[in-house]
Amino acid sequence: MKKFAMAATGGILLGAVATTQVAGPLIAQEANSNVSVYEQLDLFGDIFERIRAQYVEEVDEADLIEAAIDGMLTSLDPHSSYLSPEDAADMREATRGEFGGLGIEVTQEEGFVKVVSPIDGTPASEAGIEAGDFITAVDGENLLGLTLDEAVELMRGPVGSEIMITVVREGVEQPFEVSIIRDTIKLTAVRSRVEGETVVLRVTTFSDQTYPSLEEQLAEQVAEAGGMENVNGFVIDLRNNPGGLLNQAIAVSDAFLDAGEITSTRGRDPSDGQRWNAREGDLAEGKPMVVLINGGSASASEIVAGALQDHRRAIVIGTNSFGKGSVQTVMPLRGDSAMRLTTARYYTPSGRSIQALGISPDIIVEQPRRDPNAEAEAEEEDAAFIRSEADLRGSLENDSLTEDEIEQIEADRARAEDAAALREEDYQLAYAIDILKGLSALVDQD
């Protein structure tokens, strides 16, 4: 059965795992240790029989075993878990870019469900859920004490049904409730547009679609701009991108690097380490690049940001990333189920692990929260009539410029006004575009 390779909140490593990797260490243990292990297995059997025979209500034996397996895995770290046949099917569906739900990536932190990131264009994103939010209850049922899988199961439901989640957010004094209508989540891996002379590539997830879509849309936007000579640079927007397939993160990094290491992984056995290197070819043809990250940028996003940052190929702007530097392998089990096991840590080209630390941006730029009162005041100011020399009756015309030069000035002014408007909509992106303008100006002078 095919193994799925990911590097997301539940990231996965490419490659097979031989049976001897599991069985070998057990055989090599001393006899006394083996006795201890078998005694513990006997204890498990005794407890299982007691529950089955004497628990106050009749229990499903299969559910008991499944819960025990999941408990064993989840005790290791937040990303190792058992995948029932249904969960394994959902995971395969998600890697293809379409699944049902709210549209959030979550993890567990000290028993609480924490939002890694909302996914663009999904019900959760439209409802205002933010990276770093804690979900404490679903439809009034407290999530504290549940495993992550159990909490996620409560959030699932039929498409079109309503769910009420209780959210705790830093900076907000009281928990608040958010109503969300479940929907089919269709992930658009890459969205793109041209802002002035800058091509913006918004990468929302690393699924099977990501690299092909990025390559196609980059070419389309460059053509729309009139060719690479009319492009001053590229913004790769990885904000709130929770990760995904490891091979796609490598492909996206390779797209802008001509040579050198992209990432490496190291497991418990040094011989199991892997390394991926870039091949010649840069889709951006050496143009300046900015990568945008924030606290919702995790795993595969951090691989890309770290690779481009270490090679000085891009300036990284935003806030510190999530810091998930572990790699999971999904191992198929009997009955179409699977287990997700943390098998390695991954490292950036300079050899740094970002586990629990994240990628630190070259330039820290916070996304300011909107103040409704300030916005109202700004609208009033805009509504006021502002006069200039050109508005005065009988003012002199500018006779030193040709019509073409005047048109060029007006076009430049319009672009500057568009950039100013973008700051109100997305300050971090506007900052990234301003950086590229400055870099382009320096190159033009050379």
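Biologist: Let's start with charges: how many salt bridges does the structure hold?

Modeller: Side chains of opposite charge can pair when their charged atoms come close. Counting across this predicted model, the number of salt bridges is 18.

Biologist: Take Asp-426 and Arg-239: how far apart in sequence are the parts that this pair ties together?

Modeller: The two residues form a salt bridge, with 2.7 Å between the closest N and O atoms. Asp-426 sits in the loop between helix H11 (403-425) and helix H12 (427-445), while Arg-239 is in the loop between strand E12 (233-237) and helix H8 (246-254), so the parts being tied together are separated in sequence by 187 residues.

Biologist: And are Asp-426 and Arg-239 buried or exposed?

Modeller: Both belong to a network of salt bridges that also links Asp-120, Arg-191, Arg-202 and Asp-237. The cut-off to apply is under 20% relative accessible area. By that rule, Asp-426 and Arg-239 are each buried.

Biologist: Which helices does the salt bridge between Asp-434 and Arg-423 tie together?

Modeller: The closest N and O atoms of that pair are 3.2 Å apart. Asp-434 is partly exposed, at 29% relative accessible area, and Arg-423 is partly exposed too, at 36%. Arg-423 and Asp-434 are eleven residues apart in sequence, and the helices they sit in are H11 and H12.

Biologist: What is the distance between the closest N and O atoms of Arg-52 and Glu-61?

Modeller: Arg-52 counts as partly exposed, with 37% relative accessibility. Glu-61 is partly exposed as well, at 36%. The two form a salt bridge, and their closest N and O atoms are separated by 2.8 Å.

Biologist: Last one: in the E3 and E4 hairpin, which residue in the turn has a positive phi?

Modeller: Strand E3 (residues 104-109) pairs with strand E4 (residues 112-118) in the antiparallel sense, over six bridges. Thr-107, for instance, has Lys-114 in E4 as its bridge partner. Two residues lie between the strands, and the one with a phi of about 50 degrees is Glu-110.

Key. Residues numbered from 1 in each chain as written. Predicted model: local features only at pLDDT ≥ 70, side-chain atom pairs only at ≥ 80, totals over all residues. Heavy atoms only, no water. Salt bridge = Lys/Arg side-chain N within 4 Å of Asp/Glu carboxyl O. Buried < 20%, exposed > 50% of the residue type's maximum accessible area, 1.4 Å probe, protein only. Helix = DSSP H or I, 4+ residues; strand = E, 2+ residues; numbered from the N terminus. Pairing = 2+ DSSP bridges.
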